[in-house]
Amino acid sequence: MRFIKFALSLLLLLGLIYGLNIPISLSNASLPPLGKFFSPAKGFWQNTAKTPLEDQILDLPDLNGKATVVFDDRGVPHIFADNIEDAMYLQGYLTAKDRLWQMDISTRSTIGRLSEVIGERALERDKLQRRRGMLFAAQNAIKGWSKDEATFNLIKAYSAGVNAYIETLSPEQYPIEFKLMNYEPEEWSPLKTAIFIKSMAQSLCMRHYDIPATNALNLFGREEFDFLYPQQNPQQSPIIPADTPYEFEPLSPEANQPNPLPVDTRMGLVPHRSNPLPPPFLGSNNWAVSSTKTASGNPILCSDPHLQLTLPSVWYEVQIHTPEYNSYGVSLPGVPGIVIGFNENVAWGMTNVGRDVLDWYKIKWVDDSKQQYFLDGKKMNTESVVETFFVKGKDPVKDTVHYTHWGPVVHEKEDHPYQDMAMRWISHDVSPPSEMSVFLNMNRAKNYDDYNEVLQQYVAPAQNFVFASKEGDIAIQPTGKFPLLKKEQGRFIQDGSTIANAWNGFTPMDHLPKSVNPARGFVSSANQHTTAPDYPYYYNGNFDDYRGRILNRKLAKMNKITIEDMMALQYDDYSIEAEELLPILLRELDKEALSKDQKAMLTSLENWDYHFDGDKIAPTIYDVWSDEVYKQIWDEIYAIEDSMDILFPETWRTIALMKEQPNHKYFDHQDTPAKESLTEIVNLSFKNTNATIQNLKEEGKSLKWANHRNTKINHLGNIPAFTSKTIQSGGFHHALNALSRSAGPSWRMIVDLGEEIKAWGVYPGGQSGNPASPLYDNMVDAWSNGEYYEIEFMKDKDDQSEKTTLVWEVE
C-alpha cells in the first residue's frame with residue numbers, strides 16, 4: 001500500500017515537474033515553462049538582480065589592440081580604442097549588453113519571423129512582411145555593401161562584438177523577454193544589420209497613397225479630385241527658401257510632361273488594403289542658426305527626430321574615440337557608427353524627406369498560374385519564392401510570392417486576379433557599395449566639404465541633413481535617391497504591362513536642392529515640402545503643413561539666441577492649425593443658443609492661446625470639436641472607409657474650404673434630405689462635443705490635455721508592466737513638440753559649435769533594455785519636462801569627471 005502511495009506521489013511529482021517545464025498554450029498565445037521562469041537560479045529573478053558597478057578588466061581576444069570603456073552616470077559608454085575596427089567591435093558588444101532582445105525582435109519583426117516566437121497571431125503580419133520583400137531588400141543591401149571591403153569589415157567587426165557578448169551568456173542571463181517568450185538569442189550577422197536598416201526604411205519611406213488616391217479619383221472624377229486634393233499648400237514655407245537659385249540645368253523637359261499613360265479608371269474601386277502603413281509624420285524637426293543670430297557668436301545646431309516611442313528606445317547613446325576621430329551621438333541598436341551627433345568640428349541631424357518612393361503596378365497575368373505576366377506584349381517569367389513560416393506550436397505554413405520586373409506582387413486576390421499589384425520600392429534596389437560608409441564618414445567629417453562629399457553616397461530613407469561647423473558654415477540638403485518622374489507619375493496605380501510607366505532614372509545628386517549659409521541666418525526643416533513649386537523636378541509625397549511654418553516664423557524673429565531659447569523651441573507646443581481653424585469655428589457658432597455647459601466651453605476656447613499645454617482643458621475641447629467637424633464635413637468619405645482605402649482631404653484644404661467657400665456643397669450630410677450648411681455642421685458638432693466632454697466628466701476622466709491625449713511609451717513587445725505611465729507634458733502632432741498618443745520626439749539634441757564643443761541631449765527612455773534596471777527609463781521624466789542633460793564629450797580616456805561611474809579596461 002505504501003509502495004502504491006509512493007508511486008502515485010512520484011507520478012504526480014514528475015507530472016508537476018514536466019508541466020512546469022513545458023509551455024502552457026492559451027487560445028492566442030502561450031506562457032513560458034513556469035518552472036524555468038520562476039526558478040530563482042535561472043528565471044526572471046536573475047533579471048532583477050543588481051549587477052555590481054565596479055571597474056574591471058575585460059578579456060576580448062578578438063581585439064587588435066587595447067581599449068578603454070568609460071561609463072557615465074546615465075550608462076552611456078565612451079569607447080576609446082586604438083583603431084576603428086576595435087571601436088566597432090566594442091560598440092556591438094556594448095549595444096548587445098544593453099539591447100540584445102530589442103535587436104533580435106526588431107529584425108524578426110521586419111522579415112516576418114514573429115510567429116516563430118509568439119505564435120499564430122503574428123502569421124498574417126509575417127506573411128505581409130515577406131510579401132513586401134523585406135528580406136529581399138536586406139539581401140540586396142548586402143550584395144552592394146560587400147563590394148566595399150573596408151566598410152564591410154567594420155560591419156563584420158560590429159557583428160563579431162555582438163556575438164562575443166552573446167557567447168558570454170548562460171540561459172539565466174538572457175534578457176527577460178527571451179524567458180517570457182521561451183526562446184534563445186540567435187547569432188548576429190551583417191545581414192541582420194541590413195534588416196535593421198530596412199526596418200527604418202519601412203518606417204520612413206514606405207508610406208504611399210496610390211491605392212486610396214486611385215479610389216478617390218474613381219469615386220469623385222478628375223475635376224472634383226483636383227479640387228479636393230491639391231498637391232501644394234499655398235501657405236507652405238518650404239525647406240529650401242523660394243528665392244534660392246538652382247545652379248544646374250534640368251534634364252530633358254520630357255520628364256516633367258504629363259504622364260502619357262494615365263491611370264486605368266476601368267480598374268474600378270480597389271478593395272486592397274494598403275494598411276498597416278507607418279504612422280503619418282514620423283518626421284522630425286531640425287535647424288541650425290548662424291553665428292550672426294546667437295548670443296555666443298557660435299553656430300548652434302538642433303536635431304529632434306520624431307519616431308514611434310518605445311521602451312527600449314530606438315536610440316542608443318554612445319561616444320566613439322579612435323585615432324581617426326572623436327564622435328558622440330545616438331546609434332541604432334544593431335548598426336555600427338553614430339547616426340545623429342557631432343564630433344570635434346561639426347554637428348549633423350536629420351528629418352524625414354517624405355517623398356513617395358514606392359509605386360504600385362497592376363499586373364496582367366498570362367494565365368491563372370501566375371508564372372508569367374505581360375510586359376510590352378511579351379511574356380515574362382515571374383520568380384516564384386516559396387516562403388516557409390515556422391509557427392510556434394503549429395505546423396509550418398507556406399506562401400508563394402511572385403517577383404516581377406517591378407518587384408514582389410504584394411496584393412493578390414483569387415477572385416479578382418486583374419487587380420493583383422506589384423510593389424516598386426526604392427529600398428529593394430541593390431545598395432551602392434558605399435552606402436554604409438555614409439555615417440561612418442560623417443562621424444569623422446571636419447567641414448562643409450566633407451559633409452557635402454559624404455551625402456553623395458546616401459540612398460534611403462531620404463533625409464534632410466542639417467549641418468553646422470566650427471568654421472561657421474550652416475547648411476541643409478534633402479538627400480536620397482529620387483526617381484525621375486513624369487507629372488503625377490506614382491500618384492495613382494499604374495499599368496504594369498508597359499515599361500513606359502517605369503521610373504526614368506534618378507535625379508542627379510548635384511540637382512538636389514540645398515541651402516548653404518543663407519542670408520536669413522538659419523536653415524531648417526520639419527517635414528514640409530522640400531521646395532517651392534518652381535523646382536524643375538516633379539515629386540509627390542507626405543508633407544507636414546504646420547510645423548515648418550511655425551519653425552520658420554519663430555526663427556526669423558529670433559536674435560541673440562541662447563541654448564535655453566533652443567530648448568524652449570524644441571519643447572514649443574503652439575499650433576498654427578488651431579490658430580487658423582478655431583476663429584472659423586467660433587465665427588460660425590451661434591453663441592446665443594448655448595447651454596450653460598456649452599458657454600463654459602466657449603469661454604475656455606476664447607481665452608485659449610493655441611498652446612497645447614498638458615495642464616489645460618481648452619486643447620481637449622478643441623481637439624474633440626475639430627475632429628467632430630472634420631468627420632461631419634467628410635461624412636460621404638467616412639461612409640465607404642470601412643470597405644476600401646480612400647484618400648481624405650488634408651486638414652489645410654478643409655480649413656481653406658471653410659474659410660473661403662462656406663456655402664460649398666460638401667457642407668452637407670449625405671444621409672439627410674435637407675441641405676445643411678457649414679454653420680449647422682459647426683453648431684451640431686459643438687453640441688456633440690459638449691456631450692462627449694460631459695460623458696468624460698461623468699466617467700471621472702480628467703479633461704487635461706495630457707490625460708486626454710494619453711501618450712504612453714509602450715514596451716516594444718506590448719508588455720503593459722514594462723510600459724511607461726501617461727506622459728504629462730504638453731505637445732501636439734502639428735506643434736514643434738510633436739507628441740501624439742504613441743509617437744513624438746525621440747532624441748532632442750542641441751550643439752553649440754564654439755572653440756570647445758558643448759552639447760545637450762535627452763531621449764524618452766534609458767540606456768538599458770532591462771525593465772528592472774534603474775537605467776531602463778530614467779530619462780523619461782526629464783524628457784517629458786523639457787529638461788536636458790549636458791553631454792559628457794570626453795577628449796580622451798583620462799578626461800573623466802564626477803559623472804564617471806565605471807571604467808572597463810579591455811584587452
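## Overall organisation

Of the contacts in the protein that link residues at least 6 apart in sequence, 72% are between residues at least 24 apart. The model is a predicted one, and the protein in it has 24 helices and 30 strands. Out of 811 residues in the protein, 59% are buried, while the accessible surface amounts to about 33,300 Å², with 52% of that area belonging to carbon and sulfur atoms.

Strand β5 spans residues 77-81 and is mostly covered, five of its five residues being buried. In a regular strand, side chains alternate between the two faces of the sheet. In β5, Pro77, Ile79 and Ala81 point one way whereas His78 and Phe80 point the other way, and residues of both sets are buried.

Strand β4, residues 67-72, runs antiparallel to β5 and is joined to it by five bridges, with Thr68 standing opposite Phe80 of β5. These two strands, β4 and β5, form a hairpin that has four residues between them, and in the turn Gly75 adopts a positive phi of about 80°. β5 also pairs with strand β9, residues 316-321, here in the parallel sense and over three bridges; in this pairing, His78 stands opposite Gln319 of β9.

## Helix α6

Helix α6, which covers residues 123-131, is largely enclosed by the rest of the structure, because seven of its nine residues are buried. The buried residues of α6 are Leu123, Asp126, Lys127, Leu128, Gln129, Arg130 and Arg131. Just after this helix comes Gly133, a residue that takes a positive phi of about 75°.

Ile693 lies in helix α22, which is formed by residues 678-698. With a relative accessible area of 3%, Ile693 counts as buried, because that term applies to values under 20%. When its neighbours within four places in sequence are left aside, Ile693 is in contact with Met601, Thr620, Ile621 and Leu703.

A further relation across the sequence concerns Asp597, which is 96 residues away from Ile693 along the chain, although the C-alpha atoms of Ile693 and Asp597 are 9.5 Å apart in space.

Conventions:
Residues are numbered from 1 along each chain as its sequence is written. This is a predicted model: local features need pLDDT of at least 70, side-chain atom pairs count only at pLDDT 80 or more; totals for chains, interfaces and linings use all residues. Side-chain values use heavy atoms; hydrogens and water are left out. Buried means under 20% relative accessible area, exposed over 50%, partly exposed in between (1.4 Å probe, protein chains only). Two strands pair if DSSP finds at least two bridges between them. Contact means heavy atoms within 4.5 Å. Accessible areas come from the Shrake-Rupley method with a 1.4 Å probe; for residues, only the protein chains shown count as cover.
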